[in-house]
Amino acid sequence: MEIEGLKGKAAELAKELRKEKLPKHVAVIMDGNGRWAKKRGLPRVKGHERGAKTLRKVVELSAKLGIKYLTAFAFSKENWKRPREEIDFLMGLLRRYLKNEVPTLEKNGIKLEVAGDLEELPGDLQEKIKGAVERTSSGERLELILAINYGGRAEILRAAKGMAREGNFSQEAFRRHLYLPHVPDPDLLIRTSGEIRISNFLLWQIAYTELYFTPVLWPDFNEREYIKALLDYQRRERRFGRV
Ligand code: IPE
Ligand code: IPE
Ligand code: MG
């Protein structure tokens with residue numbers, strides 16, 4: 001594929017991408033910000049700042065490629081166990097991300113959505129998220145799903161309760177009670193930073209997702225690395241239990 005604005009090795013690699021074999025939904029566990037900063041003798045939060053820039057680039061390239069859904073793990077339920085200052089910084093970074101990115105998202109036809117228990121977030125952040133979701137609601141090019149205060153088990157429990165209320169115990173009924181029932185399961189899940197685990201992300205949805213793990217730390221994950229992951233995905237044979 002020819003992608004406008006791509007240069008050098010990334011543009012070279014992109015030529016090998018086949019439009020019809022691209023994933024429809026990519027999910028990413030954006031990990032390694034802290035280690036990226038530590039390696040440079042910087043405070044961990046500097047890594048988060050750089051990580052936000054990486055996300056911007058990945059969103060932009062996803063839109064250009066015609067990927068329809070991008071889910072990014074921004075803050076897990078377990079991340080509340082981090083030092084108060086780091087949590088405050090991450091909440092502040094989310095506020096800044098929304099403020100800076102929403103106009104661009106709106107302009108580029110990107111619809112913002114969130115998965116997670118928002119009611120446990122600071123009140124003003126909840127409002128800002130709602131505002132951003134509303135402002136971008138007409139976007140049709142790409143859905144950017146930020147998983148914030150998200151946990152896969154919490155989502156499963158929530159859906160199980162919804163299903164019980166409904167009195168319908170089918171997989172379809174279960175799905176209707178997920179945070180975002182209209183979103184198809186991810187085709188590809190990328191985790192950066194060399195950790196080979198799921199960390200309570202999208203447990204139900206990844207039943208048949210292709211998994212891609214890279215040692216690259218999230219702030220270093222650039223267009224080239226993203227295209228490498230997509231090329232790897234294109235080489236996989238998805239069988240879904242068939243022969
Ligand atoms: C991922 O980077 C970002 C969040 C979890 C918010 P980390 O902060 O987990 O970075 P490492 O894993 O400590 O390097
Ligand atoms: C997963 O990364 C959560 C996010 C990327 C937001 P963590 O760094 O929190 O995961 P563990 O603790 O290494 O499993
Ligand atoms: Mg981590």
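Let me start at one pair of residues: isoleucine 29 stands opposite arginine 191 in E5. Before going on, the conventions: this is a predicted model, where local features need pLDDT of at least 70, side-chain atom pairs count only at pLDDT 80 or more, and totals for chains, interfaces and linings use all residues. Residues are numbered from 1 along each chain as its sequence is written, chains are lettered from A and ligands numbered from 1 in the order in which they are written, and side-chain values use heavy atoms, with hydrogens and water left out.

Helices (H or I, at least four residues) and strands (E, at least two) are DSSP runs, numbered from the N terminus. Two strands pair if DSSP finds at least two bridges between them.

Back to that pair. Strand E1, residues 25-29, and strand E5, residues 188-191, are paired in the parallel sense over 4 bridges. Within this pairing, valine 26 stands opposite leucine 188 in E5.

Which way do the side chains of E5 point? Leu188 and Ile190 go one way, Leu189 and Arg191 the other, and all are buried. Buried means under 20% relative accessible area, exposed over 50%, and partly exposed in between, with a 1.4 Å probe and protein chains only. In general, side chains in a regular strand alternate between the two faces of the sheet.

Now the whole sheet. It is open and has 6 strands with parallel pairing, in the order E3-E4-E2-E1-E5-E6. At the edges are strand E3 (110-115) and strand E6 (210-213), each pairing on one side only. Neighbouring strands are turned against each other by 20° on average, direction ignored.

Towards the E3 end, E4 has parallel pairings with E2 over 7 bridges and with E3 over 6 bridges. How many residues of E4 are buried? The count is 9 of the 9, so E4 is largely enclosed by the rest of the structure.

Next, the helices. Axes are lines fitted to C-alpha atoms, for helices over the stretch in contact, and angles run from 0 to 180 degrees between N-to-C directions. Contact means heavy atoms within 4.5 Å.

Helix H3 (residues 44-65) lies across strand E2 (69-76), E3 and strand E4 (142-150), and runs at about 145° to E4. Helix H4 (residues 84-107) also lies across E2, E3 and E4, at about 165° to E4.

H4 packs on helix H5 (residues 123-135) at an angle of about 15°, with the axes 10 Å apart. That makes H4 roughly parallel to H5. For the terms, angles under 35 degrees count as roughly parallel, over 145 as roughly antiparallel, 65 to 115 as roughly perpendicular, and the rest as oblique. H4 passes H5 in a left-handed crossing. A crossing is left-handed if the near helix is turned anticlockwise from the far one by less than a right angle, and right-handed if clockwise. Among the residues making the contact are Met91, Leu94 and Leu98 of H4, and Leu125, Ile129 and Ala132 of H5.

How do H3 and helix H8 (residues 223-234) cross? Their axes come within 10 Å and cross at roughly 50°, and H3 and H8 are therefore oblique to each other. This crossing is right-handed. On the H3 side are Lys57, Val58, Leu61, Ser62 and Leu65, which meet Glu223, Tyr226, Ile227 and Leu230 in H8.

Last, the loop between E5 and E6. Threonine 209 lies in it and counts as buried, at 9% relative accessibility. A polar atom of the threonine 209 side chain lies 2.7 Å from the backbone oxygen of proline 186. A polar contact is a pair of N or O atoms within 3.5 Å; within protein, one must be able to donate a hydrogen and the other to accept it, and residues adjacent in sequence count only if both atoms are side-chain atoms. Not counting residues up to four places away in sequence, threonine 209 touches Pro186, Asp187, Leu188, Leu189 and Arg238.

Glutamine 205 is in this loop too, and at 10% relative accessibility glutamine 205 counts as buried. With that sequence exclusion of up to four places, glutamine 205 touches Tyr150, Glu155, Leu178, Asp185 and Pro186.
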